[in-house]
Amino acid sequence: MEEDKGRLVVIGSGIKAVSHFTLEAQQHIRNADIVLYAAADPVTDIWIQKQNKNSFDLYQYYADDKSRIITYSQMIERTMQEVRAGKYVCALFYGHPGVFVTPSHNAIAIARSEGYHAVMLPAISAEDCLYADLGVDPSVPGLQIYEATDFLLRRRHIDTSANFVLWQVGCIGDLGFKFGGYQNDKLDVLLDYLEEIYGPDHIAINYVANMFSGEPTIDRHRIADYRDPEVKRTVSGISTFFLPAKQGAIADDTMRERLGFVRVNEARRDPLICNREDYTVLAEVARRNNHNHAVPPGYKFSFASEALYETLLELALDPRAQDRFRLEPRAYLEQREGLTEDQRRQLLLKHHGVTRMMFKRDPEKEAVRFVGDALLRPDLAAAYHDLQDAAAAEVERGAVALGDYEGVVGNWLQQQGYATTPAAITRALDNVIVGEDDVDASDSAELVTA
């Protein structure tokens, strides 16, 4: 694929003005030939315009009483017009570009079908904000998500032992667009159906993430309360309903036995364990373990040469470098000074597991390397011995917890280029055999504080 052929990168601006952009998304905005954007707030609009002078607001394709599918088609075709012209196109949509965004998915599908390079990058959605603001974990006790109009049209069935999120509750049955907001005259239809499922007294939280500085909207009402005109007016076109689980889920005995569990409690209703009756016991055990913490067997530090780190950092943040590596990976790596041939070979595999392990060092092997170097460098051995003494003294007088001792010494070791721990060094020293013509055995003992 030629480097100057059109390409498409679809990104999201998140929900909160400007602050939710990833570093990667920012670089695409600045480097693209053109930015086509549909952001949610004017601060982000202006910020985009300042980053890239060649930008166009896709919101211009919306209009009152105009079908959204026509607007979406216009956005898709404008995007493809720029891609087909050979441009590096950055298409931006508010929130996550793959969540409730028809143009993004379609533009990518068309671009790929025509042979263009097209990707979507993840971003922060309203759902992510909801998890943070309401203290929700989608795995506890589980989560169901529906768009409100679809939920009603298909009479979707709900498991009331799991949490429930309903999108677009403020524009039910409206397929158009309104710059001035939606009438939302079908909300009662939703309330009728929710009462069938949950009853009138179940809580439904009206949630709206905040786009600017300030607090989000988190209004807790019974389902029946939303029939009150004053409460109903608080539900807007960007409102989301969150309904917590009505009851706990009970384990199936047959499945429990097949999984080998002797006993299973009712499923948790929220992610909190600090409200358990036995949490005071758990907390005491945790504090004791933290105080006596040591790096466990099997743990590997993240550590790498500066050349390897800088290469992966550039590939993470620089769109031009990403293109060069995608089109001519071998040539790109050859130009990176400081990389070893083995590192280049492994990076050419483009395997996330291989790349990850390039950054993981075995503390035991690193300890052997340190001991070997320290035996040949009295200055290194002396500095290590002095640091151990100082750290041990801090522990003795209570300024540093015992569990932090390895961290203090370990940080120093990493700064010297050794991704290991004092405990691993002690084990390595146990295997040191010093001959008569080598360094005096007493010197090696100086590496370790008794």
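Author: Just after helix H5, glycine 135 takes a positive phi of about 70°. Helices (H or I, at least four residues) and strands (E, at least two) are here DSSP runs, numbered from the N terminus. The model is predicted, so that local features need pLDDT of at least 70 and side-chain atom pairs count only at pLDDT 80 or more, whereas totals for chains, interfaces and linings use all residues. Residues are numbered from 1 along each chain as its sequence is written, and side-chain values use heavy atoms, with hydrogens and water left out.

Within H5, the buried residues are Glu127, Cys129, Leu130, Tyr131 and Leu134. Buried denotes under 20% relative accessible area, exposed over 50%, and partly exposed in between, with a 1.4 Å probe and protein chains only. These buried residues pack against E6, E7, E8, E9 and E10, contact being defined as heavy atoms within 4.5 Å.

The strands belong to an open sheet of five, in the order E6-E7-E10-E8-E9, with mixed pairing. Its edges are strand E6 (143–147) and strand E9 (217–222), each of which pairs on one side only. Two strands are taken to pair if DSSP finds at least two bridges between them. On average, and with direction ignored, neighbouring strands of this sheet are turned by 20° against each other. H5, which spans residues 126–134, packs on this sheet and touches E6, strand E7 (163–167), E8, E9 and E10. The direction of H5 makes about 120° with that of E8. For such values, axes are lines fitted to C-alpha atoms, for helices over the stretch in contact, and angles run from 0 to 180 degrees between N-to-C directions.

The pairings can be followed across the sheet. E6 and E7 pair in the parallel sense over five bridges, and glutamine 144 has phenylalanine 164 of E7 as its bridge partner.

Isoleucine 205 has phenylalanine 242 of E10 as its bridge partner.

E7 itself is mostly covered, with five of its five residues buried. Asn163, Val165 and Trp167 lie on one side of the strand, and Phe164 and Leu166 on the other; all are buried, and both faces of E7 are therefore covered in the sense of under 20% relative accessible area.
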